[in-house]
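Here are my notes on this one, as numbered points. Have the model open while you read.

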Amino acid sequence: MMIEILTGFLLVLGSLLMLLAALGALRMPDLLTRMHATTKAGALGGGMMVLAVAVFFDDGAVTARALAIVVFIILTAPVAAHLIGRAAYFVGIPLWEGTLKDELKNRYDPETHTLASPDDATPEDGDKGGKPDERRRD
Amino acid sequence: MPILDWAVTASFVILSLALVLIFLRLLKGPTLPDRVVALELIASLTVGFIATHAVATRTASFLDVAVVLALTAFLAAVGFARYLEKGGHRDDD
């Protein structure tokens, strides 16, 4: 009885988190805020639902597989989000008009995609990032 | 038993609603990265569907399907990111 209550609780809570992620993806104004909604809530919701299966079957092999899925989701969700966000930033997706600060603006070399300080930065700012010939010039 | 059946039905309904919402985002776009994010969430929603179905039918083997789906979803996201970063076509201009 206890196991069934816990399984049902985890299933409903996980699916509610997924609903929250989908709602965030639909309502948020730009790509980065949408990813902020989907990545975290989606990964947590998926992990909880797989955990519900582990609790329900109460068997070593099933629990091992379920834990493997949870670890895999927790490992890959941030990596995938970082890759997509980085690629989208290079493509030049529009940011929300309420965005206060874009710290990476003019700091990426458009050709090589390496990070460097802009040439018009103050000297103590400019000397922080690596050797001078690695810096961006245009 | 009725508690668990109720919970399984409720999570199927909630997941279906989430699938409809994220499908609207997939249709609306407006850029390719938005659609990739929507596809990624659809994949993790499907993992949730599989988990719920495994509990509903009392079949633990469905977890293997969830493993494969989580793996391929990650690979698809990496592939799309690489395509975009190497200068692929974006469908908003």
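**Notes on the A/B contact**

1. Within chain B, helix α1 (residues 2-28) of chain B has the highest confidence, at a mean of 94, while helix α3 (residues 62-85) of chain B has the lowest, at 91. Confidence here is pLDDT, given per residue by the predictor from 0 to 100, and helices are DSSP runs (H or I, at least four residues) numbered from the N terminus. Chain B as a whole has a mean pLDDT of 90, with 92% of its residues at 70 or more. The model scores are ipTM 0.88 and pTM 0.83.

2. Ground rules: this is a predicted model, where local features need pLDDT of at least 70, side-chain atom pairs count only at pLDDT 80 or more, and totals for chains, interfaces and linings use all residues. Residues are numbered from 1 along each chain as its sequence is written, and chains are lettered from A and ligands numbered from 1 in the order in which they are written.

3. The contact takes 46 residues from chain A and 44 from chain B (C-beta atoms, placed from the backbone, within 7 Å). On the chain B side, α1, α2 and α3 of chain B each give two or more residues, with the largest share, 15 residues, coming from α2(B).

4. Look at helix α1 (residues 2-27) of chain A against helix α2 (residues 32-57) of chain B: their axes come within 11 Å and cross at roughly 165°. (Axes are lines fitted to C-alpha atoms over the stretch in contact, with angles from 0 to 180 degrees between N-to-C directions.) That makes α1(A) roughly antiparallel to α2(B), the cut-off being over 145 degrees.

5. Who makes that contact? Among them are Leu11(A), Gly14(A) and Met18(A) of α1(A), and Leu41(B), Leu45(B) and Gly48(B) of α2(B).

Terms used. Angles under 35 degrees count as roughly parallel, over 145 as roughly antiparallel, 65 to 115 as roughly perpendicular and the rest as oblique. Two residues are in contact if their C-beta atoms, placed from the backbone, lie within 7 Å.
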